[in-house]
Every structure is written in C-alpha cells, then in structure tokens.
Amino acid sequence: MALHVPKAPGFASMLKDGARHYSGLEEAVFRNISACKEFAKTLKTAYGPQGRNKMVINHLEKLFVTNDAATIIKELEIEHPAAKLMVLASQMQEQEIGDGTNWVIMFAGALLEGAEDLIKMGLTPTDVADGYQMALTKALQVLPTLTCWEVTDPRNLEQVTKALRTSIMSKQYGNEDFLAQLVAKACISILPDNKNNKNNKNNTSFNVDNVRVCKILGSGIHRSEVVQGMVFRRTVEGSITTKDKAKVAVYSCPFDITTTETKGTVLIHTAKELATFSRGEENKMEADVKALKEVGVTVVVAGGKIGDLALHYLNKHDIMAVRVTSKWDLRRLCKVVGAVILPKLTRPDPEEIGLCDKVFMDEIGDVPITVFRQDGVESRISTIIIRGSTDNYMDDIERAVDDAVNTFKGVCRDGRCVGGAGSTEIELSQSIEQFGVQCPGLEQYAIKKFAEALGVFPKVLADNCGIPGQEMLCNLLTAHTDGQTHAGFNCDSDRDPGNAMLVDTRANHIFDLFLTKFWALKYGSSAACQILRVDQIIMAKRAGGPKPRGMAGQDPDDD
C-alpha cells in the first residue's frame with residue numbers, strides 16, 4: 001500500500017500536479033529580464049544596413065535567410081512568456097507601420113537591461129516602470145520638434161523616393177536608390193484621384209494590398225520593373241495570346257461541361273446513337289461561347305479547369321482563355337479590370353464585364369507570364385516584377401519592398417520625417433537626460449536609464465559595421481552637444497577610411513518616418529513596463545501525454 005505524500009504548503013498546494021510556479025525578484029523578474037535580454041541580443045546583429053543575416057529553418061523545414069526582424073520573429077516559435085510580450089509588441093508595430101520591428105525589440109531589451117541594474121541597487125520594479133512612463137511622455141513631447149523634413153505631396157516622385165530610401169537601405173544596402181524609385185512609382189500610380197480634397201493633400205487613402213509582387217528567377221535586381229495591372233506566372237490556355245482593348249468576363253467556377261451529381265449508365269445500340277451521344281453537350285457549350293461573343297467578350301478568366309471542348313469553341317470564336325487558380329488573385333484582377341465575378345457559366349450583363357487596355361502573353365527569363373495591363377494614368381493595382389539570382393534573395397527583396405510600401409502608407413497619413421542613422425535617438429537621449437536631472441524622486445534613475453537605452457542604437461550600428469561603438473558614441477554625443485542636431489553615424493566609414501565617422505542626415509537624405517519612431521517608442525516602452533510589473537509566473541500543466549518518438553528536441557532513447 002502506497003503512502004500518501006502531502007503537497008508542500010503555500011501556493012503550489014492549490015495547483016495541479018505538474019504545474020510550475022515562480023515568484024519574487026530572483027525567480028520571476030530577473031528570469032524574465034534575462035530571457036528578454038537574450039532575445040534582444042540575438043536580433044541586435046541584424047540591425048542596420050550592415051546587419052548580418054540569420055538563417056532560420058521553421059517547423060516545415062523551410063529555409064529563410066534574412067535580417068528582417070519581423071520574418072525572424074514570425075518563424076521562430078518563442079516559448080518564454082516574457083519574450084512573447086516583446087514579440088506581441090513588435091507584431092503590433094508591424095501591423096501599425098510595417099517597419100521598425102527590430103527597433104522595438106532592441107529598445108525593450110535595453111530598457112530591461114537598465115532596469116535590472118536599478119533593481120539590484122534597491123529600486124522596486126514599480127518605481128522603474130513609473131520612471132520609464134514619465135520618460136516616454138517626455139520623449140513623445142520632444143519627438144515632434146525633431147522633424148527635419150516633410151513629404152508635402154505624396155504624388156511627388158522625388159519626395160516619396162527620399163522618404164522610402166532608408167526603410168529599404170536597412171535590408172538592401174547599395175540598391176536603395178533603384179528600389180525606392182521603383183516602389184515609389186508603383187505606389188504613386190495607384191493613388192486614387194484626390195481633386196475634391198485639395199486642402200489636405202496627405203489625407204489620401206492607400207491600400208498596401210494594391211501593390212503586388214511577382215518574383216521571376218534570373219537576371220539581376222536592376223532588371224526589375226513596374227507593370228500597371230497584374231502579372232501571372234502562367235501561360236494562356238488556348239492559341240490566342242494577345243488582345244487589345246479587351247472585354248473581360250471573370251468566372252470563379254471551371255469553364256467546362258457541367259456534370260451531373262449522380263452517375264448513370266447509357267446503353268448504345270447503333271452507330272448513329274454513338275455519333276450523336278455527346279452532341280447535346282457540344283451544342284450547349286457552343287451556345288454558351290456564342291453568347292459571350294455576342295456581348296463582346298474577348299477574354300475569359302476562369303477560377304478552375306478550362307475543358308478541351310470549351311477551349312476548342314473559345315479558339316473558334318477568337319476568345320482568349322486564362323486560368324487563375326487563386327481566389328485572392330481573381331478578386332484583385334476584378335479590381336483592375338472593373339469586372340464582377342460570376343459564380344456559374346452564364347451570359348454576363350454589360351455592367352459585369354471588365355475592360356482592360358491590353359492582355360497578352362510574354363516571356364521573362366524563360367518563364368511564361370500573362371499580363372493584364374492598364375495604360376491609364378491611374379491604375380488601381382500595380383505589380384512589381386522582381387528579378388534575382390536565387391529564390392532566397394528575391395524573398396529578401398520582397399520583404400524590403402513590403403517595408404517600403406508600408407512606409408508609403410505611413411507617408412500618406414503623416415509625411416513628417418526625422419533624422420535617421422541614430423541622430424534622432426541621440427537628440428532624444430540628451431533631452432530626456434536633462435529632464436531626469438530636474439525630477440526629484442527615485443524615478444530620475446529610471447529616466448536616466450531610458451536615455452541610455454536610446455543611445456544603444458547608434459552604438460549597435462557602429463558595432464555591426466566593425467567600428468568601435470563606444471568611441472563613435474562619444475563623437476556623436478560631442479557633435480550633438482555642439483549643436484549638430486542632425487549628426488548621425490556614417491555606415492560608409494568602414495569601407496573608405498577617408499570618410500568621416502559622422503554624417504549630416506538632413507543633407508544626405510537619411511530619414512526615418514516620424515510615425516515609425518512614435519509608435520516604436522510607445523510599443524517598446526509598454527512591453528518593458530509590462531514585463532517589469534510581473535512578479536509571479538504560474539504555468540499550468542501542459543495538456544496531452546508524452547511526445548511521440550522522433551520529435552525535435554527529444555532523445556530517441558527516452559521513454
């Protein structure tokens with residue numbers, strides 16, 4: 001007979017067997033801070049134009065080679081609950097702005113690192129969090145005064161290109177000028193007409209989904225181009241390959257003979273019955289295609305299979321056939337041509353037919369493509385065709401393009417820009433440090449650590465370029481103290497020893513979007529304060545039995 005072993009007294013006695021419970025500074029607060037510091041340290045080396053790539057293999061064994069923090073965070077399965085709070089903050093930044101995710105993680109990590117020192121000195125986590133909130137309020141007051149340039153017209157190609165350069169530079173350093181101009185052309189071309197709202201030029205509606213990316217292997221990045229309309233990586237179905245001033249009918253169903261839901265058996269007695277067996281279906285299909293021809297349809301787009309018999313009659317009546325398997329692409333194609341998706345094979349009404357300036361088949365690098373091009377001044381969807389030597393390289397270019405498109409969306413909301421290359425962070429750091437000196441309470445220590453955390457960014461930029469970070473930080477602080485408010489770190493200084501370590505960000509058009517910094521400060525500080533206010537970790541027992549053999553991270557000899 002087994003003896004009953006009583007549970008230990010305290011909080012653990014209320015939990016199920018297998019549940020874990022941590023409390024106090026050592027077990028909860030410092031444990032959380034340590035995990036978050038390691039997470040931030042991992043992403044530090046991926047920050048900036050010279051940031052190193054990470055090789056991530058996800059649970060499906062798909063390989064990612066990138067320095068884009070949003071992709072790395074998305075593919076990593078973070079288990080630690082405190083680190084998950086930082087991940088949530090970076091995901092909110094991604095949804096709000098689409099750029100600056102690494103900034104949020106690094107800033108939250110730097111704040112927690114400073115908080116650890118203060119807690120060891122004797123301050124309570126609540127005092128530290130309160131000080132960080134005071135510093136954040138001051139930073140958000142100072143930030144609007146640091147704007148050094150503004151996009152006054154989101155339709156001006158030169159202005160928009162300047163605003164997009166920096167967001168692309170962090171991922172595709174050296175190609176930022178070409179890609180920024182490419183993305184700017186694509187975004188400006190799909191802006192809706194704003195003639196009725198001349199007083200507020202920046203109040204422009206822009207949907208990031210209207211800029212589509214098509215990746216075609218081969219050639220180089222400088223062969224990339226923008227097409228007004230949509231590009232599909234597939235060939236046409238029939239023998240007709242080009243149509244000008246096309247009238248387009250879009251079907252979400254297969255363009256084929258309709259089959260009955262039940263099976264049946266047909267007994268054929270004579271040769272005549274055999275010859276006329278399928279004539280009824282042929283006549284029905286020809287009548288459907290004739291009806292399309294009568295209303296002027298010259299291009300048919302189907303969401304499913306296009307049958308051989310249907311293809312025969314489409315070719316006979318000089319109608320081009322295209323198959324698009326993605327429902328998402330079908331909806332976007334309807335936006336381009338102005339058509340209505342038809343759920344079954346019926347004769348479309350005139351208002352359901354779309355118009356397209358040119359539909360044609362082309363070939364880029366041995367890859368057949370079908371292009372729906374609108375030659376008008378404003379097309380509602382544009383496609384950026386990306387060329388590159390490898391799939392991983394094109395994926396990384398696509399991430400840079402996505403960041404730039406999201407930055408353009410931010411420009412349409414607020415065109416103000418602040419200096420990049422660490423200049424804004426240093427200026428904010430100095431203002432907050434002066435503010436901390438005037439505060440009488442214990443919060444002044446936390447405010448000082450907040451200012452130090454902002455100084456991490458130019459230091460990391462220098463470290464990633466192979467330049468002594470502390471020496472560069474001293475030079476940068478001296479320059480800002482002397483009144484050079486737009487001085488930032490020059491990432492080209494490692495390539496050419498003759499280049500100065502500092503650069504004027506305003507003169508060299510190195511700008512960050514005001515909204516990116518605004519929301520990154522908010523989300524990074526919020527995540528750090530939330531983690532600091534946690535004093536207990538209670539983890540329930542996991543559901544399910546033991547892991548099956550062969551799973552990653554388990555010794556095959558374990559039972």
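## Helix α15 and G466

G466, which follows helix α15, has a positive phi, near 80°. Helix α15 spans residues 456–464; helices (H or I, at least four residues) and strands (E, at least two) are DSSP runs numbered from the N terminus. Seven of the nine residues of α15 are buried, so the helix is largely enclosed by the rest of the structure. Buried means a relative accessible area under 20%, exposed means over 50%, and partly exposed lies in between, with a 1.4 Å probe and protein chains only. The buried residues of α15 are V456, F457, P458, V460, L461, A462 and N464.

## Basis of the model

This is a predicted model, in which local features need pLDDT of at least 70 and side-chain atom pairs count only at pLDDT 80 or more, while totals for chains, interfaces and linings use all residues. Residues are numbered from 1 along each chain as its sequence is written, and side-chain values use heavy atoms, with hydrogens and water left out.

## Nonpolar cores

In soluble globular proteins, nonpolar side chains tend to be buried together. A nonpolar core is here a set of buried Ala, Val, Leu, Ile, Met, Phe, Trp, Tyr and Cys residues joined through side-chain atoms within 4.5 Å. The largest such core has 81 residues, and the members that touch the most others are M86, F107, V128, Y132, F450 and L521. Apart from this core lies another, of 27 residues, including A184, V211, V213 and V401.

Contact is defined as heavy atoms within 4.5 Å. Neighbours within four places in sequence aside, Y132 is in contact with L111, G114, A115, A446, K449, F450, C529 and L532.

## Salt bridges

The whole structure contains 24 salt bridges, each a side-chain nitrogen of Lys or Arg within 4 Å of a carboxyl oxygen of Asp or Glu. In the bridge between D177 and R165, the closest N and O atoms are 2.7 Å apart. D177 belongs to helix α7 (residues 176–189) and R165 to helix α6 (residues 157–169), so the pair ties together parts that are 12 residues apart in sequence. D177 is partly exposed at 44% relative accessible area, whereas R165 is buried at 14%. D395 and K215 also form a salt bridge, at 2.7 Å from N to O. Here the partners come from helix α12 (residues 391–413) and strand β5 (residues 211–217), so the pair ties together parts that are 180 residues apart in sequence. K215 is partly exposed, with a relative accessible area of 23%.

K449, listed above among the contacts of Y132, forms a salt bridge with E452, with the closest N and O atoms 3.6 Å apart. K449 and E452 are three residues apart in helix α14 (residues 443–454), a separation of about one helical turn. K449 is buried at 18% relative accessible area, while E452 is partly exposed at 42%. Elsewhere, salt bridges that share partners join K37, E116 and K120 into one network.

## Cysteines

The whole structure has zero disulfides, a disulfide being a pair of cysteine sulfur atoms within 2.5 Å. C356 lies in strand β11 (residues 354–364) and is buried, with a relative accessible area of 3%. The C-alpha atoms of C356 and K245 are separated by 5.8 Å, although these residues are 111 residues apart along the chain. Not counting residues up to four places away in sequence, C356 touches K245, A246, V248, V337, F372, R373 and Q374. C439 is buried at 11% relative accessibility, whereas C474 is partly exposed at 40%.
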